[in-house]
Amino acid sequence: MKHLIPEFEKLRERFPEGFDSSLVLPCLRRIQEERGFVADSDIEGLVAYLGVPRIQIEEVLSFYGQFRRAPVGRCHVEACRNLSCSLLGAERLIDHLSKKLGIRPGETTPDGEFSLATVECMASCGTAPMVAVNGSYHEAMTAEKLDALLDSKRRGD
């Protein structure tokens with residue numbers, strides 16, 4: 001995390017003095033972009049850098065489901081399971097993904113290629129059911145579209 005301090009300093013310049021606790025969210029976001037997840041050592045580093053209580057960082061991490069506390073696969077597959085997606089078959093698609101990848105939500109394939117997660121609303125209810133791979137949205141998904149998507153990711157597309 002120490003190599004990100006210069007970026008954090010630039011962020012700090014954009015906030016009024018004494019608002020260091022407001023940097024928790026953007027710093028965590030940048031750490032996750034860099035590492036893929038937020039490690040305990042990152043939390044300890046932020047506590048020391050920002051001078052905020054550890055609980056404040058833990059609260060942000062637990063509130064926002066987008067933050068990960070453990071490494072994920074090279075292709076991180078997130079399937080929305082909120083109302084619109086569920087009404088249009090999200091649970092069947094999640095089952096399909098689990099069978100196709102051989103893992104359940106929250107797990108990573110043994111080769112580290114894929115991880116699967118379920119998420120709450122991705123704000124694309126009009127094109128449900130939704131799946132995101134490494135943050136890229138794939139809309140109006142079907143089992144056939146998922147198979148093609150996973151095959152393209154296996155090829156490195």
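Colleague: How do the residues of the lining of the second largest cavity divide into nonpolar, polar and charged?

Modeller: Happy to, with the reminder that this is a predicted model. The lining of the second largest cavity divides into 7 nonpolar, 3 polar and no charged residues. Its members are C80, N82, S84, C85, C121, M122, A123, S124, C125 and M130, and the space inside comes to about 30 Å³.

The UniProt annotation "binding site", from an unreviewed entry, covers C80, C85, C121 and C125. These residues span 46 residues in sequence, yet no two of their C-alpha atoms are more than 9.6 Å apart, so they gather at one spot. Of the annotated residues, C80 is included in the lining of the largest cavity. As for C121, its place is in the loop between strand 2 (114–119) and strand 3 (131–133).

That brings us to the other space. Searching the whole structure gives 2 cavities of 30 Å³ or more, and the largest cavity holds about 40 Å³. Around the largest cavity are A79, C80, A90, L93, I94, L97, P129, M130 and V131. Helix 6 gives the most, with 4 residues. By class, the lining of the largest cavity has 9 nonpolar residues, with no polar and no charged ones. M130 belongs to this lining and also to that of the second largest cavity.

Helix 6 (residues 90–101) packs with helix 7 (residues 143–154) at an angle of about 35°, and their axes are 10 Å apart. The crossing of helix 6 past helix 7 is right-handed. On the helix 6 side the contact is made by L93, H96, L97, K100 and L101, and helix 7 supplies A143, L146, D147, L150 and R154. By class, this contact has 6 nonpolar, 1 polar and 3 charged residues. L93 and L97 take part in the contact with helix 7, and both also line the largest cavity.

Note on methods:
Residues numbered from 1 in each chain as written. Predicted model: local features only at pLDDT ≥ 70, side-chain atom pairs only at ≥ 80, totals over all residues. Heavy atoms only, no water. Axes fitted to C-alpha atoms, helices over the stretch in contact; angles between N-to-C directions. Helix = DSSP H or I, 4+ residues; strand = E, 2+ residues; numbered from the N terminus. Left-handed = near helix turned anticlockwise from the far one by under 90°. Contact = heavy atoms within 4.5 Å. Nonpolar A, V, L, I, M, F, W, Y, C, P; charged D, E, K, R; others polar. 1 Å grid on protein atoms, 1.4 Å probe; cavity = no way out; pocket = protein on both sides within 12 Å on 5 of 7 lines; lining within 4 Å. Points joined across faces, edges and corners; volume = space filled by probe spheres on them. UniProt positions renumbered as here; feature names shortened; annotations may be inferred.
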